[in-house]
Amino acid sequence: MIIPEQKEQVEALFSEIQQAVRWGRPSILVVVFSSAKARKEMQDAVTALLENIGQQVAEYVVSPATYDIPLALSRHPGRTRTTFYVTRLNRGGGSDNRNAFRALNMRRELFVDHPTRVVFWLTRAESKSLALLAPDFWAFRHLSLEV
């Protein structure tokens with residue numbers, strides 16, 4: 001069940017994505033969640049709103065084999081009608097599972113060159129690591145929320 005604070009956050013996320021869809025621009029969003037339950041509730045609420053405007057939602061789970069998020073999403077055939085939900089950023093493989101962070105920092109422009117709408121659902125630890133390990137990508141984000 002969505003509480004009033006979450007409703008405002010859902011509306012902020014949806015509004016940002018809706019504008020990106022309307023103008024054909026990228027939208028890089030970061031949501032830091034405190035519990036799996038809070039994340040699920042938020043995802044479900046945002047997904048319902050996106051589906052109402054004809055957007056698909058695709059889960060993108062990071063692993064050692066799928067660490068290069070910008071490259072994979074820029075090549076996704078349904079990118080123009082899809083909003084991506086990225087999870088498990090800290091499982092990107094490599095030294096200390098940092099490959100996903102490196103890829104985001106090095107290939108961040110792909111999100112802009114191939115306008116992509118992406119929501120990074122992060123734990124507090126992942127959020128902290130993202131800011132430290134991918135500072136250039138961190139500066140690229142359009143909106144950050146904490147739930």
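Read along the sequence, the protein chain of this predicted model runs α-β-α-β-α-β-α-α-β-α-α-β, which comes to 7 helices and 5 strands. Helices (H or I, at least four residues) and strands (E, at least two) are DSSP runs, numbered from the N terminus. With a radius of gyration of 14 Å, close to the 15 Å that the globule rule gives for 147 residues, the chain is as compact as a globular protein of that length. The radius is taken over C-alpha atoms, and the globule rule is 2.2 Å times the number of residues to the power 0.38. Along its principal axes, the C-alpha trace spans about 40 × 30 × 25 Å.

A word on conventions: residues are numbered from 1 along each chain as its sequence is written. In this predicted model local features need pLDDT of at least 70 and side-chain atom pairs count only at pLDDT 80 or more, while totals for chains, interfaces and linings use all residues; side-chain values use heavy atoms, with hydrogens and water left out.

Buried residues make up 44% of the 147 residues, where buried means under 20% relative accessible area, exposed over 50%, and partly exposed in between (1.4 Å probe, protein chains only). Of the contacts (heavy atoms within 4.5 Å) between residues at least 6 apart in sequence, 79% join residues at least 24 apart.

Setting aside residues up to four places away in sequence, Phe120 touches Ile28, Leu29, Val30, Val31, Ile69, Val86, Leu104, Phe111 and Phe137.

Helix α4 has Ala100, Phe101, Ala103, Leu104 and Asn105 buried. The cover over these buried residues includes α3, α5 (109–113), β4, α6 (124–133) and α7 (135–140). Ala103 also turns up among the partners of Asp68, which touches Tyr60, Ala103 and Arg107, not counting residues up to four places away in sequence. Asp68 sits in the loop between β2 and α3 and is buried, at a relative accessible area of 13%.

Thr87, in strand β3, is buried with a relative accessible area of 5%. Beyond its neighbours within four places in sequence, Thr87 is in contact with Arg39, Gln43, Glu59, Tyr60, Val61, Val62 and Trp121. Thr87 and Trp121 are 34 residues apart in sequence, yet 5.4 Å apart in space, C-alpha to C-alpha. Gln9, in helix α1 (residues 4–23), counts as buried at 15% relative accessibility. Residues up to four places away in sequence aside, Gln9 touches Met42, Leu145, Glu146 and Val147.
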